[in-house]
Amino acid sequence: MADRENLVNKKIILRFSAQTVEQPMVYHLVKDYNLVPNIIKAQISPENEGFLLLGISGLEEDFRQAMNYLQELGLQVQSLTEHVIRDEDSCTQCGLCTGVCPSNALYLERPSQQVHFDGEKCVVCNICIDVCPTRAMQIAVDN
């Protein structure tokens, strides 16, 4: 069994060119590198550039080898080191953020109309930060 210290759980953004968009890279992440990908958000067109936001879990060495593989394919690989946090004390429950959140990480609970934030669904698009009148939504950077 793998040592828990060697396990990673990271979010990455893969940026595609028209030449690489049809490569079966997610298949290879699973089959060849024993990683567990979770597609969080994707915008890919066969004729244009695109991106794929993935959560990836697996052994650190497998992750490192897989990132080398993706870069050799010609993909731009970016670690997601920023994440959005919500300051509960600053939030006035206005709900503006829930109307613009593309991943539904911010949502209204019914019937209470309370705003809730699910950081696991967040794709760090920063739209909520721009619309929040009290600046309750903020960017945090992982070390």
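Residues are numbered from 1 along each chain as its sequence is written, and side-chain values use heavy atoms, with hydrogens and water left out. Because the model is predicted, local features need pLDDT of at least 70 and side-chain atom pairs count only at pLDDT 80 or more, while totals for chains, interfaces and linings use all residues.

**View 1. Salt bridges in the whole structure.** A search of the whole structure finds three salt bridges. A salt bridge is defined as a side-chain nitrogen of Lys or Arg within 4 Å of a carboxyl oxygen of Asp or Glu. Glu 60, Glu 61 and Arg 64 are linked in a network of such bridges, and Arg 86 forms a salt bridge with Glu 88.

**View 2. Arg 64 and Glu 60 in helix 2.** Both residues belong to helix 2, which spans residues 60–72; helices (H or I, at least four residues) and strands (E, at least two) are DSSP runs, numbered from the N terminus. Arg 64 and Glu 60 lie four residues apart, about one turn of the helix. In their salt bridge, the closest N and O atoms are 3.6 Å apart. Arg 64 is partly exposed, with a relative accessible area of 42%, and Glu 60 is partly exposed at 34%. Buried means under 20% relative accessible area, exposed over 50%, and partly exposed in between (1.4 Å probe, protein chains only).

**View 3. Arg 64 and Glu 61 in helix 2.** The salt bridge between Arg 64 and Glu 61 has its closest N and O atoms 2.8 Å apart. These two residues are separated by about one helical turn, because they are three residues apart in helix 2. Glu 61 is partly exposed, with a relative accessible area of 40%.

**View 4. Arg 86 and Glu 88.** Arg 86 lies in strand 5, formed by residues 82–86. With a relative accessible area of 12%, Arg 86 is buried. The closest N and O atoms of the salt bridge between Arg 86 and Glu 88 are 2.9 Å apart.

**View 5. Further surroundings of Arg 86.** A polar atom of the Arg 86 side chain lies 3.2 Å from the backbone oxygen of Val 115. Leaving aside residues up to four places away in sequence, Arg 86 touches Cys 91, Gln 93, Leu 106, Val 115, His 116, Phe 117, Ala 136 and Met 137; contact here means heavy atoms within 4.5 Å.

Note on methods:
A polar contact is a pair of N or O atoms within 3.5 Å; within protein, one must be able to donate a hydrogen and the other to accept it, and residues adjacent in sequence count only if both atoms are side-chain atoms.
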